[in-house]
Amino acid sequence: MDTLVKNTELSSEFILNSLQNPIIVINSAKKKIIYCNNAVEIFLETSRKNIIGKKIASPESLIESIKFFNYIK
């Protein structure tokens, strides 16, 4: 069973990283970014380690964060 879960996770990550559109996954309970694909790193011009774990209070704050990242380029 663990192997099946690992394979599913690897396949999902491969598929999401193949997309050219930025994708951010937020844990709705903890309001934190738990995943972003490669397109997000390119779009925000920062690494995944600077994105994962960031707290997002609301969708509006995510938009403000993106504006901030784009402003500081």
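**The whole chain**

Read from the N terminus, the elements of the chain follow the order α-β-β-α-α. That comes to 3 helices and 2 strands, where helices (H or I, at least four residues) and strands (E, at least two) are DSSP runs, numbered from the N terminus. This is a predicted model, in which local features need pLDDT of at least 70 and side-chain atom pairs count only at pLDDT 80 or more, while totals for chains, interfaces and linings use all residues. Residues are numbered from 1 along each chain as its sequence is written, and side-chain values use heavy atoms, with hydrogens and water left out.

Colour by pLDDT, the predictor's confidence in each residue, from 0 to 100. The chain has a mean pLDDT of 81, and 74% of its residues reach 70 or more. Among the elements, strand 2 has the highest mean (92) and helix 3 the lowest (68). Where pLDDT is low, the predicted coordinates should not be read in detail.

Now show the surface. The chain exposes about 5600 Å², of which carbon and sulfur atoms supply 61%; accessible areas come from the Shrake-Rupley method with a 1.4 Å probe, and for residues only the protein chains shown count as cover. Of the 73 residues in the chain, 16% are buried. Buried means under 20% relative accessible area, exposed over 50%, and partly exposed in between (1.4 Å probe, protein chains only).

**The nonpolar core**

Select Ile-33, Cys-36, Val-40, Leu-44, Ile-51, Ile-56 and Leu-62. These 7 residues make up the largest nonpolar core, a nonpolar core being a set of buried Ala, Val, Leu, Ile, Met, Phe, Trp, Tyr and Cys residues joined through side-chain atoms within 4.5 Å. At least two residues of this core come from each of strand 2 (32-36) and helix 2 (38-44). In soluble globular proteins, nonpolar side chains tend to be buried together.

Centre on Ile-56. Which residues does Ile-56 contact, leaving aside its neighbours within four places in sequence? They are Ile-26, Lys-31, Lys-32, Ile-33, Ser-61 and Leu-62, with contact meaning heavy atoms within 4.5 Å.

Next select Ile-52, in the loop between helix 2 and helix 3. Ile-52 counts as partly exposed because its relative accessibility is 34%. Not counting residues up to four places away in sequence, Ile-52 touches Ile-33, Ile-34, Tyr-35 and Cys-36. Its C-alpha is 6.1 Å from that of Tyr-35, 17 residues apart in sequence.

**Asn-37**

Move to Asn-37, in the loop between strand 2 and helix 2. Is Asn-37 buried or exposed? With 0% relative accessibility, Asn-37 counts as buried. A polar atom of its side chain lies 2.9 Å from the backbone oxygen of Asn-21, and the side chain also reaches the backbone nitrogen of Ile-23 at 2.9 Å. Both are polar contacts: pairs of N or O atoms within 3.5 Å where, within protein, one must be able to donate a hydrogen and the other to accept it, and residues adjacent in sequence count only if both atoms are side-chain atoms. Beyond four places in sequence, the contacts of Asn-37 include Leu-16, Asn-17, Leu-19, Pro-22 and Arg-48.

**Arg-48**

What does the side chain of Arg-48 reach at 2.9 Å? It is the backbone oxygen of Cys-36. The side chains of Arg-48 and Glu-41 meet in a salt bridge (3.1 Å, N to O). The count is 1 salt bridge, defined as a side-chain nitrogen of Lys or Arg within 4 Å of a carboxyl oxygen of Asp or Glu. Among the other contacts of Arg-48 beyond four places in sequence are Glu-13, Asn-17, Tyr-35 and Asn-38.

Select Lys-31, in the loop between strand 1 and strand 2. Lys-31 has a positive phi of about 55 degrees, although it is not a glycine. Most residues other than glycine have a negative phi. Lys-31 counts as partly exposed, at 37% relative accessibility.

Glu-45, in the loop between helix 2 and helix 3 (59-71), also has a positive phi of about 55 degrees and is not a glycine. At 57% relative accessibility, Glu-45 counts as exposed.

End at Gln-20, in the loop between helix 1 (2-18) and strand 1 (24-27). Gln-20 counts as exposed because its relative accessibility is 73%. Draw a C-alpha to C-alpha distance from Gln-20 to Phe-43: the two are 9.9 Å apart in space and 23 residues apart in sequence.
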